[in-house]
Each structure stands twice: as C-alpha cells, then as structure tokens.
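Visitor: Please take me through the model shown here, one question at a time.

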Amino acid sequence: MNGTMQRKYWLDTMLQITGPVLEALAAGKLKERLPLVAESARNRFAPLEAFGRTACGIAPWLELEGLEGEEEALRQQYLQLMHKAIAATVSPDSPDYMDFETKSQPLVDAAFLSHALLRAPKQIAGKLDAKVKVDLIAALKKTRIIPPFMNNWLLFSAMVEAALKLLGEPDYDLMRVSYAIEKFEDWYVGDGTYGDGKHYHWDYYNSFVIQPMLVDIMHMFEEDSSRNAQLKPLIMERAKRHAAVLERFISPEGTYPVIGRSVLYRFGAFQLLSQAALQHFICESLKPSQVRCALTAVIRRIMDAPGNFDDNGWLRLGVYGYQPATAEEYINTGSLYLCSAVFLPLGLPPQDEFWSGANERWTAQRFLAGENLSADHAIMI
C-alpha cells in the first residue's frame, strides 16, 4: 500500500474503533450499550473512559481543515457526533451525564477529554454551544476535589487546568501545572525517559500519558513563566528521543515488546511517536514516511488478529485478539479506547510528507536487510 492507501486504511480503522462510542453517546445511549467487564471494579467509570480516550485520539483529524470529498464528509459527520457527545456527557439532564467527581478515576478521563480539546482548539473547543461550554467547564472543575497520586496523575490535574485556560476560564490553577512540571523534572531518569513517580517502571506510560501530555501542557503554558520557557526545549528534545526509541521497538514484522502494565491499550503504546509525527518533531534520522510504514505494520498486525471486537463492534480485552487474563483490575471496556491515540497523524493533510512520501523501511527492517546504519546514541539532557 502506498501512503494514500495507508491513510484510507488508518481512517477506516480509526472509525471502526471510535464509531460505536461516538454514535452511542451522541444518541444518549452509551451507558446502555457499552459492554461491561464483570471483574472490573471501575465499570461505573467506563463510559467516561471510553469517550475521553476516543476523543483524545480522533481530535486532530476533526481539527484538520482543507480536506475534500468523502473524507471531508466523514470528518463533518464525526465532528457533529463529537459535539453531541460532549453535550450528552456534561448536560445534567442527559441519560449519559457522567460522573466527574466520585473517588479518583474521573480525573484520569477528564484529562484525556481535556487533551482532546487542546488537540482541536478550533473545531471542538472553539465551536462548543454556549450552554455546553458552561456545563463542560463545570464538569472539569468538579475533578479538582480529586487528589492526584504522586505519579503520572499529576499531569491529569495539569491537563484539566490547561483545558480550562483554553476555554477562557480566568481562574485556571497555574500551581497545579507548575507542580506537575517540576516533579517530572525531578523524576527524569535520562535519555528521553521519565520515571512514573519516584521509581522507573518498564511500561509504556511515557507514551500513554507522560510525554504527550507534558509536551502539550508546555505548549499551552510556555509563556506563563520564564521557567516554562527555559524547560520547553529540554522537554521537546527528550520527547523526540523517546519517540525515536519507540520506532526502534517495532520489529520487522510489526510486533513490539508487550511489557508492563496497561498493555491492553494496544497500539496506544505508540501515542508519542504518532504525536511526534503530527507535530513534526520526529528525530532527524527518521523519515516521516518511514514512521508511517512502521506504525501501519503495528496497526495491521493487531487488527488482523481475530477476536478484537465483540459482535456489536466494541473492543474486547486483549492485545492480539481476546486475552482477558492480561487485564489489570482497573481495566474495563472503556479503558481500551486509548488505542485510538495511534491515529493522531490523521490530523496531517494528505499532502504532508508523512502521507505523501514513498514507502520506506523502518529501522528494524533496515538492519535485517543488512544496511550499514549509524550507531544509536543517548541524549545527555
């Protein structure tokens, strides 16, 4: 497949995954239709998890202007679904009105929904109905009563404040933002990687949460302090390095190490690499079309596995098909939709080099083919 065909495959796959969530929620029927996981203690939060994570992945495509034909018609259709879905989520008289304040989990997915707003400031945040905007701000503020844990959750609190700033709220809390940024400076372990709290974990949380949110928070708050302006180049260089490492994780066959917690987020493990493509901070040693081909291989490898979906098109627990034993106690059906974060480059126009460039081997394929590649080096910041 060339880049044009790969884009169509990505788009079809993204809509296959996200469509059931947005269609159900826009109709006020997500709570009714979303399958629950019998063993999960967090099923009550599954609808907000499904929506926040879906929105986080599809937002850049909804933000894209200048499309034509069938893809533009689809974008307009899904943008309308998104606005109806937000209204259903935050309107107190909606059957799908969601919980933003009980216990701790709502903070997580309020943050993913907030991230979607940052990724589509014109088409989603900028086109909210006036009442829906008021209700959304009220819902996001409810999460302030939830104390974040001393790990990646600090970024959830900061991301909510970023969304409030974007929505024009004058009382956004800069302290929550600054505290998260400084703690991750303390937790930086080197070579483009942060600890998730005091200790490092072998998992994909640098890509699931930490670096994508940290990068976009820094974009939002760069001018709020001289300290942020000073740190932003370092944070961007680390993100670039970690994204390059993720590309090297992709085997010639499109597999990758299944390691650490939350692996059921599937190819959401490559969110940071996808964001690097979207925001054009891919490492200079990588061609954008090389990253496209690598990510396409990962997506195809997972999507070709039987059992990823139930009979009604909802995601099922697993990485390659149905593998429920791999799920932690906090995983429910809604959790799985963080996989949609791999599709961020659909926010680039078809003419961008990511899509228009010729197919290229990715790093693991090039080594297997016997190419004499330059050595890989750590960064020292």
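**Cysteines, helix, cavity and rings**

Visitor: Is Cys-339 buried or exposed?

Guide: Buried means under 20% relative accessible area, exposed over 50%, and partly exposed in between (1.4 Å probe, protein chains only). The relative accessibility of Cys-339 is 0%, so Cys-339 counts as buried.

Visitor: On what basis are such values given?

Guide: This is a predicted model, in which local features need pLDDT of at least 70 and side-chain atom pairs count only at pLDDT 80 or more, while totals for chains, interfaces and linings use all residues. Residues are numbered from 1 along each chain as its sequence is written, and side-chain values use heavy atoms, with hydrogens and water left out.

Visitor: How many disulfides does the structure hold?

Guide: A disulfide is counted where two cysteine sulfur atoms lie within 2.5 Å. Cys-339 is in no disulfide, the nearest cysteine sulfur being that of Cys-56 at 11 Å. Cys-293, which counts as buried at 8% relative accessibility, is in no disulfide either, with the sulfur of Cys-283 nearest at 17 Å. The number of disulfides in the structure is zero.

Visitor: How far apart are the end C-alpha atoms of helix α5?

Guide: Helices are DSSP runs (H or I, at least four residues), numbered from the N terminus, and the expected span is 1.5 Å times one less than the number of residues. Helix α5 has 15 residues (105–119) and should span 21 Å. The computed distance agrees with this, at 22 Å.

Visitor: How many residues of α5 are buried?

Guide: Helix α5 is largely enclosed by the rest of the structure.

Visitor: Which charged residue lines the largest cavity?

Guide: The lining divides into eight nonpolar, no polar and one charged, where Asp, Glu, Lys and Arg count as charged.

Visitor: Is the pair of Tyr-200 and Trp-202 stacked or edge-to-face?

Guide: Rings of Phe, Tyr and Trp (its six-membered ring) pair if their centres lie within 6.5 Å; planes under 30 degrees apart count as stacked, over 60 as edge-to-face and the rest as tilted. The structure holds 21 aromatic pairs. In this one, Tyr-200 is partly exposed at 36% and Trp-202 exposed at 63%. Their ring centres are 5.3 Å apart and the planes at 80 degrees, so the pair is edge-to-face.

Terms used
Helices (H or I, at least four residues) and strands (E, at least two) are DSSP runs, numbered from the N terminus.
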